[in-house]
Amino acid sequence: MKDAFGLPQSLLVLGGTSEIALATARRLVVRRARTVWLAGRPSPALESAAAELRALGADVHTATFDALDPESHETVLGKIFAQGDIDMVLLAFGILGDQAHDERDPVAAVRVAQTNYTGAVSAGLVSARALQTQGHGSLVVLSSVAGERARRANFIYGSSKAGLDTFAQGLGDALHGTGVHVMVVRPGFVRSRMTAGLEEAPLATTPEEVATAIELGLRRRSETVWVPGALRVVMSALRHVPRGVFRRLSL
């Protein structure tokens, strides 16, 4: 069960090598979390992440999970939940893709959509049902400000995050009153492996800063978390910029 401050004692990370997810896991283990499941494709990086969290004192398990194989999600996640209650599921998998390449390669574009949206719908629904069955828990979904409004520079990625964001909001409404809390996290540009080599956007943040915001959101039982918080105001303004003007902005 969660502690008196609303922080989890057990955590399941879907996307076990995500830098944001690992920064969050480290922070929660230092606070109180004692059992961590890292689910992802088998790799040295996954094992290294597990070893790092064990060194902090957590009981860490790994599980094979593939966002692109939704038929396996119920079985894989069912086995994890069968081991004991999970206080928090962090849905953290996703790919950025290569906009210029993906526009010319529809199969690659679909892979971005299937990973970021379709896979998340499946894993989100399976996780939500398991949390609801146990009667408590939080589902934290890593969205993005890119989903707030389509931009020429990354509309394939942005559209997948827009779908994910809308899905997570609706799921949160559907679970209201069940004991299950859904929190949508909308970071801006995050300095990470995924964005290495890209021009840094204004109000850039780090995985550790996103992890701090996630912890605060859990304590407050927030439904939406912006990282940094100033992006809430910025995106509110950008949503109302006329389309003809918006497409000419250098964003």
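**View 1. The right-handed β-α-β unit of E5, H6 and E6.** Strand E5 (residues 137-142), helix H6 (residues 155-175) and strand E6 together build a β-α-β unit that is right-handed. Right-handed here means that, with the strands pointing away from the viewer, the path from the first strand over the helix to the second runs clockwise. Helices (H or I, at least four residues) and strands (E, at least two) are DSSP runs, numbered from the N terminus. This is a predicted model, so to speak: local features need pLDDT of at least 70, side-chain atom pairs count only at pLDDT 80 or more, and totals for chains, interfaces and linings use all residues. Residues are numbered from 1 along each chain as its sequence is written, and side-chain values use heavy atoms, with hydrogens and water left out.

**View 2. Strand E6 between its two neighbours.** E5 and E6 pair in the parallel sense over six bridges, and two strands count as paired if DSSP finds at least two bridges between them. Serine 138 has histidine 181 of E6 as its bridge partner. E6 also pairs in the parallel sense with strand E7 (residues 224-227), over four bridges, and here valine 185 stands opposite valine 225. As for cover, eight of the eight residues of E6 (residues 180-187) are buried, that is, under 20% relative accessible area with a 1.4 Å probe, protein chains only (exposed is over 50%, partly exposed in between). Val180, Val182, Val184 and Arg186 sit on one side, with His181, Met183, Val185 and Pro187 on the other.

**View 3. Helix H6 across the sheet.** H6 lies across E5 and E6 and runs at about 155° to E6; axes are lines fitted to C-alpha atoms, for helices over the stretch in contact, and angles run from 0 to 180 degrees between N-to-C directions. The 21 residues of H6 should span 30 Å at 1.5 Å a residue, and the end C-alpha atoms agree, being 30 Å apart. The expected span is 1.5 Å times one less than the number of residues. Among the buried residues of H6 are Tyr157, Lys161, Asp165 and Phe167. The buried residues of H6 pack against helix H4 (99-104), helix H5 (106-134), E5 and E6, where contact means heavy atoms within 4.5 Å. Just after H6 comes glycine 177, with a positive phi of about 90°.

View 4. Seven strands make an open sheet with parallel pairing, in the order E3-E2-E1-E4-E5-E6-E7. E3 and E7 are at the edges with a single partner strand each, so one side of each has no neighbour in the sheet. From one strand to the next, the twist averages 15°. Strand E4 (residues 88-91) runs parallel to E5 and is joined to it by four bridges; leucine 91 has valine 141 of E5 as its bridge partner. Helix H8 (residues 231-238) packs on the sheet too, touching E6 and E7, and its direction makes about 95° with that of E7.

**View 5. Helix H2 and its buried face.** H2 (residues 44-55) has twelve residues and reaches 16 Å from first C-alpha to last, close to the expected 16 Å. Leu46, Ala49, Ala50 and Leu53 are buried in H2. Seen down the axis, the buried residues of H2 fall within an arc of 100°, so they line one face of the helix; the arc is that of the directions from the helix axis to the C-beta atoms. Pro44 and Ala55, on the other side, are exposed. The buried residues pack against helix H1 (19-31), strand E2 (35-40) and strand E3 (59-64).
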